[in-house]
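Here is a short note for someone opening this structure for the first time. Please keep the sequence and the 3D view side by side.

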Amino acid sequence: MNEIVNRVANSPIVTIDLEEFYSPLSRYQFDIKDYLYHGLILREAEFRAALREFEWSKFENGCVAVFCSVDAIVPNWAFMLVGTYLGKLGIEYVVGDMNALEQYLFEKAFTKIDIEIYRNRPVVVKGCSKVAVPLYAYGRILSLLQPVARSIMYGEPCSTVPLYKVGK
């Protein structure tokens, strides 16, 4: 009787599952629109007073997107001022929307990759995940792998789309 051999399991292909880089941190939003006078402009004295009274500890153990969801006159320093309160408590934040926050968290996780384990190897970037992986993460992992990998594919090891291969 012939033994069934799992060629995928025995292959030199390395699979990268971007879901493994998804941060478990809670995500929060701080929308400056809630502090605008008549929903249009920011008044410095009132804004500073509101920030002093805000309960910043509710963002602990998380990461915050600081943004303004309406088209209003908001000076750049306002976003930075919010950051000073978060920074005092060691709370991570980005100035930008939730998409910018996800990009930041993936980029932070990618800095911990030992890229050498992919040198001269075929790599598959897994396509399916249980969490929402931003498109940014797919492009960024490709830019990290392309200088070192022998080939890069997308999908599952048993069914992939070839993306890149080192020329002979």
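**Notes on the fold and its cores**

1. Start at Val 82. Beyond its neighbours within four places in sequence, Val 82 is in contact with Phe 30, Ile 32, Phe 47, Leu 51, Trp 56 and Val 66. Bear in mind that this is a predicted model.

2. Val 82 belongs to the largest nonpolar core, which has 20 residues. Phe 30, Ile 32, Trp 56 and Val 82 have the most contacts inside it. Helix H1 (44–53), strand S3 (62–67) and helix H2 (76–88) each give two or more residues to this core. H2 gives the most, with six residues.

3. There is a second, separate core of 18 residues. Ile 16, Ile 113, Val 133 and Val 148 are among its members. As background, nonpolar side chains tend to be buried together in soluble globular proteins.

4. How many helices and strands does the protein chain have? The count is four helices and seven strands. From the N terminus on, the order is β-β-α-β-α-β-α-β-α-β-β.

5. Now the overall shape. The radius of gyration of the protein chain is 22 Å, whereas a compact globule of 168 residues would have one near 15 Å. Along the principal axes, the C-alpha atoms fill a box of roughly 80 × 35 × 25 Å.

6. Of the contacts with a separation of 6 or more, 79% join residues 24 or more positions apart. Buried residues make up 35% of the 168 in the chain.

7. Last, the surface and the charges. The protein chain exposes about 10,500 Å², and carbon and sulfur atoms supply 54% of that area. The chain carries 18 positive and 19 negative side chains. The centres of these two sets lie 7 Å apart.

Notes: Residues are numbered from 1 along each chain as its sequence is written. This is a predicted model: local features need pLDDT of at least 70, side-chain atom pairs count only at pLDDT 80 or more; totals for chains, interfaces and linings use all residues. Side-chain values use heavy atoms; hydrogens and water are left out. A nonpolar core is a set of buried Ala, Val, Leu, Ile, Met, Phe, Trp, Tyr and Cys residues joined through side-chain atoms within 4.5 Å. Buried means under 20% relative accessible area, exposed over 50%, partly exposed in between (1.4 Å probe, protein chains only). Contact means heavy atoms within 4.5 Å. The radius of gyration is taken over C-alpha atoms; the globule rule is 2.2 Å times the number of residues to the power 0.38. Accessible areas come from the Shrake-Rupley method with a 1.4 Å probe; for residues, only the protein chains shown count as cover. Lys and Arg count as positive and Asp and Glu as negative; His and the chain ends are not counted. The place of a charge is taken as NZ of Lys, CZ of Arg, CG of Asp or CD of Glu.
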